[in-house]
Amino acid sequence: MKHLTEEDLAGLFDTPIFRAIGEVADQLGLHCYAVGGYVRDLFLDRPSKDIDCVVVDPRCSTSADSQLSTPTEGPGIRVAKALGKRLGKGAHVSVFRNFGTAQVKWKDQEVEFVGARRESYSRDSRKPIVEDGSLEDDMDRRDFTINALAYCLTSEGLVDGKRLIDRFGGLWDMEDGLIATPLDPDITFSDDPLRMLRCIRFATQLRFQIEDETQEALNRNAERIKIISQERIIDELNKIMLAQHPSIGFDYLQRSGILQIIMPELSALDIVEERNGRAHKNNFYHTLEVLENVASPLAPLRGEGSKESLPPRGEVEGGLWLRWAALLHDIGKPRSKRWEEKVGWTFHNHNYIGQKMVAPIFRRMKLPLDERLTYVEKLVGLHMRPIAIADDVVTDSAVRRLLFEAGEDIDDLMLLCEADITSKNMQKKQRFLDNFQLVREKLADLQARDNYRTWQNPITGEEIMETFGLKPCRQIGILKQVVKDAIWDSVIPNDHDAARQFMLQKAAEMGLKKVDS
Ligand code: ATP
Ligand code: MG
């Protein structure tokens with residue numbers, strides 16, 4: 001955390017936009033404060049563009065006077081409009097009269113204005129009853145102490161002569177790296193259970209600890225998450241997913257009991273069963289290790305070959321979908337788990353079972369059902385293949401088939417598979433990594449030789465039909481398949497002449513006769 005003096009802060013707020021806000025609010029006789037994440041992030045030295053401002057009308061700011069405020073045009077809207085005028089053409093003002101808020105966009109900055117408010121909640125909704133309130137009321141409704149900081153931008157409105165208002169010791173908590181609620185955490189979480197996810201999300205993004213009482217309240221209120229819409233849940237989950245260390249968040253989600261409710265399939269991996277002295281690994285914590293491995297910018301497990309390869313497709317959206325594939329790669333394990341006397345615990349076909357589970361999870365969690373789903377399904381389904389190949393003699397044909405099935409996602413699949421080797425047995429780990437290197441070399445070699453990513457059979461169905469005067473029938477598929485196998489197994493080269501020759505020979509064996517052309 002950065003230690004900022006009064007002067008430091010005055011300097012940071014001495015910018016054209018903040019000066020303009022202060023001046024127009026002064027002219028209107030209102031008090032205006034920068035609040036929340038923007039102020040927090042100055043101390044944490046995190047970049048933040050969006051500015052939130054709370055505006056108080058000193059003539060009617062006490063709770064008792066709230067009825068006196070003008071219902072039509074709140075103070076936030078009045079400041080936003082005046083600011084728009086002051087900034088002139090380049091500024092764009094949007095007013096949301098129903099919410100009493102307004103937004104001003106200017107250059108690359110977005111400032112949101114709202115009147116100070118007081119909130120009260122009913123049990124079955126996270127939508128509060130909102131009334132005008134004082135700055136104190138407004139700070140009381142904030143989710144965490146570190147988010148309840150305010151900085152006064154106007155000449156009036158200071159509290160105890162200070163511009164920085166830290167009602168709940170947010171600076172101390174930042175210093176200690178703690179997430180804590182300003183008021184009773186049971187009330188804060190029960191009022192708006194989305195705050196539980198925000199709590200875990202901030203702990204993950206900032207690498208802060210959740211303060212003990214706040215953690216206990218998370219456990220007690222986990223069930224309340226059910227009243228939150230799936231869209232909001234996934235929004236927070238994706239923020240956790242994109243953090244530098246996403247496993248922190250999933251560990252908190254599991255320990256608080258929230259994961260059990262929002263993603264029971266993943267939560268179910270958190271078990272170790274033992275029989276006859278043989279235990280299988282905890283697949284939940286293994287999954288979190290794999291997730292960390294794919295999220296690591298250093299990717300210590302990446303093979304040498306990956307340096308030259310294209311940026312993996314997982315990098316799109318910050319690697320979000322590769323991370324989802326890592327999170328779900330073993331999701332089929334509980335359903336495939338068997339005890340076999342001779343070998344112990346087995347998880348046969350867990351990749352295929354897992355692949356089938358991805359779409360229902362995406363649908364339920366309101367994740368996208370487009371090519372991003374297909375990508376995750378594909379990676380989950382194929383994640384055992386490179387390991388199977390690396391465990392055996394690495395043949396050209398096995399690598400070709402892999403390349404054909406993975407297509408343009410081959411690099412991401414290799415990343416996922418390397419990340420999946422979390423064995424603590426260094427010898428075993430090294431053997432796999434060495435073999436993976438061999439698979440990578442073969443892949444690079446084959447890609448250059450044949451371009452199998454976009455492989456197409458040199459013999460088409462039309463050619464077969466024309467050659468033998470056939471209508472669409474089973475024999476066409478059989479002939480195409482034998483040609484494909486012959487090429488992939490290196491029986492014949494990957495070109496049309498050789499393929500046609502081979503096809504004619506096989507067709508003759510099947511009793512097909514050429515028609516005269
Ligand atoms: P970030 O923008 O990085 O997600 P932030 O703290 O700015 O973090 P926003 O969602 O932009 O989060 O909200 C701005 C401020 O509004 C927060 O700092 C907090 O004071 C308050 N806030 C937002 N959501 C809630 C909530 N559900 N309950 C209470 N206060 C909230
Ligand atoms: Mg924000």
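Modeller: I will walk through the sheet, strand by strand, and then turn to the ligand and a few residues elsewhere.

Some ground rules come before the tour. This is a predicted model, in which local features need pLDDT of at least 70 and side-chain atom pairs count only at pLDDT 80 or more, while totals for chains, interfaces and linings use all residues. Residues are numbered from 1 along each chain as its sequence is written, chains are lettered from A and ligands numbered from 1 in the order in which they are written, and side-chain values use heavy atoms, with hydrogens and water left out.

Now the sheet. It is open and made of 7 strands, in the order 3-4-5-2-1-8-9. The pairing is mixed. Two strands count as paired if DSSP finds at least two bridges between them. Strands (E, at least two residues) and helices (H or I, at least four) are DSSP runs, numbered from the N terminus. In general, strands of a sheet pair through backbone hydrogen bonds, either parallel or antiparallel. The edges are strand 3 (91-96) and strand 9 (164-166), each of which pairs on one side only. On average, neighbouring strands are turned by 25° against each other, direction ignored. Such angles come from axes fitted as lines to C-alpha atoms, and run from 0 to 180 degrees between N-to-C directions.

Val93 has Val104 in strand 4 as its bridge partner. The two strands form a hairpin with 4 residues between them, and there Gly100 takes a positive phi near 70°.

Next comes strand 4 (residues 101-106). Of its 6 residues, 5 are buried, and the strand is mostly covered. Buried means under 20% relative accessible area; exposed means over 50%, and partly exposed lies in between, with a 1.4 Å probe and protein chains only. Strand 4 also pairs with strand 5 (residues 109-115), again antiparallel and over 6 bridges. One bridge here links Lys105 to its partner Glu110 in strand 5. This second hairpin has 2 residues between its strands, and Lys107 in the turn has a positive phi of about 50°. For comparison, most residues other than glycine have a negative phi.

Move along to strand 1 (residues 31-35). Strand 1 runs antiparallel to strand 8 (residues 149-152), and 3 bridges join them. Tyr33 finds its bridge partner in strand 8, at Cys152. Asp160 is not a glycine, yet its phi is positive, near 50°. With a relative accessible area of 73%, Asp160 is exposed.

Now to the ligand. Ligand 1 has 14 residues around it, and Arg40, Arg142, Asp192, Arg195 and Arg201 come nearest. A residue is near if one of its heavy atoms lies within 4 Å. The shell is made up of 10 charged, 3 polar and 1 nonpolar residues. Charged means Asp, Glu, Lys and Arg; nonpolar means Ala, Val, Leu, Ile, Met, Phe, Trp, Tyr, Cys and Pro; the others, Gly among them, are polar.

Arg142 lies 3.1 Å from a ligand oxygen atom. Asp192 lies 2.9 Å from a ligand nitrogen atom. For Arg195, the distance to a ligand nitrogen atom is 2.7 Å. Taken alone, ligand 1 exposes 580 Å², and the protein buries 73% of that. Accessible areas come from the Shrake-Rupley method with a 1.4 Å probe.

Helix 3 (37-44) and helix 8 (194-206) each supply at least two residues of the shell. Helix 8 gives the most, with 4 residues. Arg201 lies in helix 8. Its relative accessibility is 7%, so Arg201 counts as buried. The Arg201 side chain also makes a polar contact with the side chain of Glu236, at 2.7 Å. A polar contact is a pair of N or O atoms within 3.5 Å; within protein, one must be able to donate a hydrogen and the other to accept it, and residues adjacent in sequence count only if both atoms are side-chain atoms.

One last stop is His286, in helix 14 (residues 283-295). His286 is buried, at 3% relative accessible area. Asp270 is 16 residues from His286 in sequence, and 9.4 Å away in space, C-alpha to C-alpha.
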